[in-house]
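Hi,

Here is the structure I promised to pass on. Have a look at it first, and then read on for what I found in it.

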Amino acid sequence: MHKMGWQDVIEGRPGDRVLLNGNEAIARGALEAGVRYASSYPGSPSSEIVQTLSKVPDSELYAEWSVNEIVSLEGATAASFAGLRAICVMKADGLNVALDFLTSMNLGGCKGGLVVTVADDPQGHSSVKEYDSRYLAKAAMVPVLEPSTVEEARAMAIAAFNFSEQIKGPVILRSVTRISHSRGLVELGKSVREDKTASLPAGDRFLTKTIFHMKARDRLIKAAGIFEDCGFNYSEGPDKADTAVFCSGTSLLYAREAIETLGLNDEIKLVKVGTTFPLPEKFILSHLRGLKNAIFAEEVRSFIEEGIVLLYARNNLGKICFYGKLSGDVAGVRGPACGEMNVDIMIKALAKVYGIHYEAPGYTPEKTAELSALVPPREYAMCPGCPHRASFWAVKTAIAVDGRNSIVAGDIGCYCLGAWDTGFNLFDTLHCMGAGPGIASGLSKLGRFGLKRPTVTIVGDSTFYHAVIPGLINGQYSGSDYLCVVLDNSVTAMTGHQPHPGSGISVYGRPVNAIKIEDIVRGLGIPCKIVDPYDNFLAAETICAMVREPGIKVLIFRRECALVAARKQRRKRRVYVDQSLCRGDACGCGRFCVSVWGCPGNIWDHKTGKANIDEAVCAGCGVCASLCPAGAIVVEEVE
Amino acid sequence: MLKPVDVLIVGVGGQGAILASKVLARAALESGYDIKVSEIHGMAQRGGSVVTQVRLGEKVYSPLIAEGGADLIVAFEKLEALRLLPYLKTGGTMIVNDQEIYPVPVLVGAAEYPAGIFAYIRSVAPDTVVVDAVNIAKRCGNPRAVNVVLLGVMARILPIEREVWEKIQLDEFVDIFLTRNRLRKKGFA
């Protein structure tokens with residue numbers, strides 16, 4: 001049988017050329033660098049790094065799914081204090097959570113190589129934000145490395161540990177979706193460090209103090225010096241050229257392909273900047289000198305562009321025209337500094353600078369518009385049998401029955417789909433992890449100023465441990481009045497089913513004591529009930545009763561994620577529509593199962609004009625059967 | 001010199017398009033290609049559009065295929081075939097699974113599932129191959145193995161030797177589709 005990606009990472013020998021995604025390549029680089037501690041809160045597109053590293057025996061490497069990013073970074077930093085190499089992994093949003101600690105520890109610094117790997121998600125393919133984390137790194141005064149390819153991601157991961165030890169502070173390795181979730185051939189290297197002794201002698205202290213701000217500054221100066229000759233910054237194409245494209249990350253690849261497509265290989269120099277903060281100024285100045293045009297290619301915002309324009313302003317370099325996101329010349333369909341880069345954007349920018357008329361292959365804008373008018377969007381949808389759909393329906397029903405038009409504060413997870421059509425447009429607010437209870441608490445204080453709508457907040461189980469507990473304590477202490485609904489599917493579903501403190505399973509797949517949500521809630525003195533959302537009427541009734549109680553209340557909707565349940569392949573139930581009972585459009589339900597309930601398992605048979613079940617898709621939850629007004633959907637137990 | 005080939009594999013989350021792209025990449029690797037694959041999984045685990053780009057060649061830089069650049073589009077769902085049509089190169093090949101999966105706007109009645117998709121696609125790509133992969137997979141005993149059936153069709157079109165596919169198939173599928181000797185053969189019939 002062929003090896004999985006993680007097996008190539010862990011078992012691959014030096015010299016092997018294997019197909020890895022960027023996250024696996026980073027994991028391999030970290031292993032070759034002798035990493036001993038790896039922690040993360042899962043978040044797309046970063047999750048496969050610690051997932052991969054968790055397959056290494058824990059005598060060699062400690063791995064952890066932490067409850068949130070700041071705890072995760074604190075743990076990894078502790079390993080660094082003890083002289084070990086440590087990696088902490090997060091998505092861009094996670095850097096916000098970890099930032100308080102990062103900005104503190106970066107003043108005092110650390111010891112063993114500490115690499116904070118942040119995976120940004122330009123275009124927000126699997127995020128609500130398309131953050132450029134380099135600006136946060138700059139604010140925290142932490143150096144940034146940006147790989148352009150999967151192969152370079154491995155090499156940079158190794159180098160990042162070395163740089164960190166040289167400057168005695170953390171280094172950020174910034175990936176993006178098109179690195180983390182791209183596959184390419186990677187040549188594996190050999191392990192460069194075998195040492196695994198943790199040592200924290202008395203007298204080694206790691207403190208933060210205002211005056212240490214100077215240390216952080218000096219560390220950046222040192223990093224800039226190291227970066228000048230590190231090999232991650234280089235140029236391609238003619239030595240002397242009027243035009244240079246300064247690129248970082250995958251934009252290097254798009255620029256290179258655009259130059260080849262336009263046949264400008266002899267005209268344009270590519271300047272690849274791999275160390276984007278602090279900039280290697282001497283290297284960049286050597287390429288700025290004598291230029292007429294400088295073009296910038298990077299994601300998401302104008303980070304190196306700003307740095308290089310500032311460098312230009314400080315040096316006497318003659319007239320250079322700058323084309324980038326600041327000038328608006330490098331822009332996709334969303335305009336400059338929004339969305340991903342691609343080859344097409346670079347072709348258009350280069351064609352403009354060179355006054356070339358370029359006819360792109362593909363459709364005319366008119367034809368594209370005609371086509372997109374024809375094709376309805378396929379937004380994210382919840383899976384067949386997803387317990388969240390049942391939970392949302394119960395909340396929707398309860399709010400309607402209650403009649404006071406409750407405000408629903410949403411939160412982040414698979415269930416953020418509660419903000420859109422597939423989740424009945426239930427949410428009135430949606431922001432970041434843990435925001436729901438805070439907003440609900442605030443709203444519940446506004447009765448004195450005339451706001452009479454009750455408040456419900458909906459959070460997930462993993463989110464509960466990550467960010468909800470302080471909000472609940474605050475709510476209980478300050479006398480808030482809201483219902484917190486916890487959708488407990490026993491796993492961090494959205495990012496690929498990682499375990500969390502309530503799952504009863506460790507990162508290594510071993511059983512551990514589950515920390516129960518209800519125990520925490522009751523420990524705070526907050527009333528708590530647990531209902532299976534598949535039991536939809538009971539679920540709705542319970543909400544109705546609880547929203548009418550004063551104070552803060554927690555209702556746990558507990559039902560395993562439908563995908564996890566499907567994988568266990570337990571006894572499945574067959575669900576079908578009794579065609580003699582379905583009344584079709586004469587029913588008056590408005591095709592409830594298909595057009596309102598909206599589970600992919602419920603389909604409409606246009607030939608018979610009646611409802612049907614797509615049995616290949618149906619998960620057998622049977623909730624639609626309990627909701628069908630004609631009672632036409634039948635659930636049958638099968639062995 | 002290996003001829004560069006750009007393949008787009010599109011479908012709906014849960015159909016197995018990403019797995020298909022992994023198998024294709026392995027087969028290309030065995031054949032000596034340089035490879036770049038880019039996957040977009042979408043936010044939730046299921047139900048959104050999944051677009052996987054596989055680029056093969058002597059040397060491949062960017063993982064992304066530009067509009068009008070795909071030599072082959074393999075669509076696991078009809079609507080997704082139509083959506084990605086602008087990416088097909090003039091003279092490129094389209095393989096479409098004859099399956100409709102309604103997106104949310106269609107389910108809730110806010111939009112129509114377009115009629116005449118094949119006619120539209122054929123007006124641009126006359127040689128489009130339509131495959132009833134769901135029924136083929138069902139007949140072989142595993143309705144979820146649509147991806148294997150489509151891989152079988154892909155295998156006949158791509159410049160990769162049959163022996164390579166057979167080797168890769170055995171490597172990749174033994175664990176995943178247990179039924180499936182028959183299916184494997186069907187896909188390659």
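**What I found**

Chain A has an accessible surface of about 25,300 Å², and carbon and sulfur atoms make up 54% of that. Accessible areas here come from the Shrake-Rupley method with a 1.4 Å probe, and for residues only the protein chains shown count as cover.

Before you dig in, some housekeeping: this is a predicted model, where local features need pLDDT of at least 70 and side-chain atom pairs count only at pLDDT 80 or more, while totals for chains, interfaces and linings use all residues. Residues are numbered from 1 along each chain as its sequence is written, chains are lettered from A and ligands numbered from 1 in the order in which they are written, and side-chain values use heavy atoms, with hydrogens and water left out.

On the overall fold, chain A has 22 helices and 23 strands (DSSP runs numbered from the N terminus: H or I of at least four residues for helices, E of at least two for strands). Its radius of gyration is 27 Å, close to the 26 Å from the globule rule for 639 residues, so chain A is as compact as a globular protein of that length. That radius is taken over C-alpha atoms, and the rule is 2.2 Å times the number of residues to the power 0.38. The C-alpha trace spans about 80 × 70 × 65 Å along its principal axes.

As for the inside, 59% of the 639 residues of chain A count as buried (under 20% relative accessible area; exposed is over 50%, partly exposed in between, with a 1.4 Å probe and protein chains only). Of the contacts in chain A with a separation of 6 or more, 78% are between residues 24 or more positions apart; contact means heavy atoms within 4.5 Å.

- L102(A) sits in helix 5 (residues 92–108) and is buried, at 0% relative accessibility. Leaving aside neighbours within four places in sequence, L102(A) is in contact with residues including L73(A), V116(A) and V142(A). V142(A) is 40 residues from L102(A) in sequence, with 8.6 Å between their C-alpha atoms.
- E48(A) is in helix 3 (residues 48–53). The E48(A) side chain makes a polar contact of 2.6 Å with the side chain of N23(A) and another of 3.1 Å with that of H181(A). A polar contact is a pair of N or O atoms within 3.5 Å; within protein, one must be able to donate a hydrogen and the other to accept it, and residues adjacent in sequence count only if both atoms are side-chain atoms.

Cheers
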